[in-house]
Amino acid sequence: MNEPTGKPIKNIVVVGGGTAGWIAAGRIAAMHAGDGGMRVTLIEAPNIPTVGVGEGTWPTMRNTLRKLGISESEFLRECCATFKQGAKFARWVSGGEDDFYYHPLVLPQGFTKMHLAPYWQRDLKPYGQSFSNAVCYQEQLCERGLAPKQMTTPEFASVANYAYHLDAGKFAQLLERHCTQKLGVRHLRDEVLSVNTESNGDIESLNTRNSGALAGDLFVDCTGFSSRLLGGHYQVAFVDRGDVLFIDRALAVQVPYEKEDDPIACHTISTAQDAGWIWDIGLTCRRGVGYVYSSGHTSAAQAERRLRDYVGPAIEKLSVREIPIHCGHREKFWVNNCVAVGLSAGFLEPLEASALVLVELSAEMIAEQLPARRDVMEITARRFNDTFRYRWDRIVDFLKLHYLLSRRGENFWRDNRDPASVPDSLRELLALWRHRPPADCDFTSNNEVFPAASYQYVLYGMGFETEVGSLVHRLRDGKAAAEHFAANQKATTRALAVLPKHRELLEKIHEYGLQAI
Amino acid sequence: MTRLVALNSEHHRNLRIDTSKIEQQGAALRMVPVMPGEFLKLAIDYPIVLTKNAETGQFVCVALFGFAEGENLFWQGDSWESLYTPLNIARQPFFVGADDGGQPLVCIDEDSPCVRNEGERLFDEGGAATPYLQKMQGILAQLLDGERQGAEFVRQLQQLDLIAPMRLEVTFADRRAQRIEGLYTVDEEKLQALNGEPLQQLHASGSLARIHTLLTSLGHIYSLIERRNRRDAAAAA
């Protein structure tokens, strides 16, 4: 058996385009631009369609764009992109018409200094004020269609923390152009036919249809659901998480705006249905709408009816795509000299827009921790696998939380509350949170995905009660709490006064662009 | 309120302008857009800085009159305290509008306090423009051209990445400190690092001289602080 060699890792081959392939290629190329010996190649088959429904992002995308060297104005103009300030979950608890709550992106007022949750629960909740409105001003911005920044705010800077909604196909095109023209990524339009391996199991090269054998030191599998290298070649097992998250189908449709000046939602809208939920994402040129559901709890015909009810009669003229979803992820993500990024690594329902952020985090870790030589790659691979297994598990937990706290009566929802379908990690945390609010001490890993604040927004948005009784001896900061609530009211008034309408701001940005400073 | 209409020799034959009220129109302005052609005259008294147009986010050169919103430290009592009045103040109550075809048009704010029963006539008995109106038309023409020159100046600065935020913290006599946001200037280090073709172009276009005038004018921020201190002291007395 061969010992791993001291061969330097210089020749990176990314297999597959789309947002995963180009973000991976771009981040590696940008970070190692100073290394003259580094070579990044992306090979993609010309006729494989990309999935194109990954349309929500996290605030991390602002940083990713900046690290890639793409201007925010260019990104907004070319990708039909809009601002996203969080998610509105409608009908998730009782299912009633005015049942909704917000998971905003701005942290609760004074979060680093104290937890307002118990004070809110004791003093404000009885009077009907929601947790989100009590501690944060962003829900009001979303409800009124106001943007999170102004024309005078520099690129990537915010007045209110924000992320984006984007057209994934156009984003991939922008990334391709930028990576090839500005970052020196070599683009091969060709098909991979087979894999040549070395005696130690590493991929030595890929046999292509027209370009001969494509050699590489590290291969990044961005081949989508087919996972051709990690799953196909290395046969890494798929860990099915369908026992926790039941959704296994998606019906997606692109919905045009009725009028050119219809308001554009500044948040993702997720509306619960009898066997799943419908996403509604506003871009500049159209909306992206889809019903994700469990085929075990409804029929395809019924699902189509639900989608039609939501979209309206206009759906007759639109083409609806059916996409099967295998909810889960690979057992490992990095094997030998091959690492998977994107759908090839796994997929979960898009309830909290986790797909693109996992791509960003993977690309960042590969770029930042790129093994210098082959003989340390095993170490990096193991750390990568541990890191991302942790992250997938945490995302599964957080998504499950949305279902666990619902009180809807349909079978899909009842089954979701079956303790057998709840991971222990989530069950334990919930047990603790019965007696105190989620806190930073519950999330101690460097690899956490969601901050404690996110759990608070979902927990208290969905009516979870923390028994204040066991806490009351610690609630001595009533005066400070009142000051924070007042500060939030003031921040809300100010934000509503200075921030422009979402569509208007986007139109001006298209015309004038944002300044870099 | 303002009522902006195109100037018409029929309709406005008997209009008169009280020129003593012109500068008063700027009494509550903290800053006013200025054109590169005026920089040398502005540099006598005013800090020249860059700021962003609130509507478009684009950079524009302005003369700074004060620190707080609506504060004009050059307007004392009932007169403008400077040897030079920026053209965008002096042009009142006139401004440049556009007709349906986009052609520039001399317009007037009919509701301006400058528009009175006595003062300078705009048109003579025959409907021809008076020398006063001709002078004002000249100023408007200068401003129109100046706006274009200003945009070109900003474009040159941006192309060479010369615009930087001003980190301004001022402390007044009463020891109150204020951080001034939203103002920009030319980055002297980057300016100093220019050479060859870009530097030559900047010089040949006249912009290099204007940049130096702008940088020199920043010293007037100290005079502005003094004006504020004197005003605060007078108010407290």
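Two strands are taken to pair if DSSP finds at least two bridges between them. Strands (E, at least two residues) and helices (H or I, at least four) are DSSP runs, numbered from the N terminus. The structure is a predicted model, in which local features need pLDDT of at least 70, side-chain atom pairs count only at pLDDT 80 or more, and totals for chains, interfaces and linings use all residues. Residues are numbered from 1 along each chain as its sequence is written, while chains are lettered from A and ligands numbered from 1 in the order in which they are written.

Chain B holds an open sheet of three strands, in the order β10-β2-β11, with antiparallel pairing. Strands β10 (115-116) and β11 (120-121) of chain B stand at the edges, and each has a single partner strand, so one side of each lacks a neighbour in the sheet. Strand β2 (residues 16-17) of chain B is joined to β11(B) by two bridges. Within this pair, B:R16 has B:R121 as its bridge partner.

In chain A, strands β8 (residues 192-197) and β9 (residues 203-208) run antiparallel and share five bridges. The hairpin of β9(A) and β10(A) has four residues between the strands, and A:G212 takes a positive phi near 75°.

Helices α2 (residues 60-68) and α10 (residues 354-368) of chain A have axes that come within 10 Å and cross at roughly 40°. Axes are lines fitted to C-alpha atoms, for helices over the stretch in contact, and angles run from 0 to 180 degrees between N-to-C directions. The two helices are therefore oblique to each other. Angles under 35 degrees count as roughly parallel, over 145 as roughly antiparallel, 65 to 115 as roughly perpendicular, and the rest as oblique. In the contact, A:T60, A:M61 and A:T64 of α2(A) meet A:L356, A:V357 and A:E360 of α10(A). Contact requires C-beta atoms, placed from the backbone, to lie within 7 Å.

The contact between the chains takes nine residues from chain B and seven from chain A. On the side of chain B that touches chain A, the largest share, three residues, comes from strand β12 (residues 163-165) of chain B.

Key: Contact = placed C-beta atoms within 7 Å.
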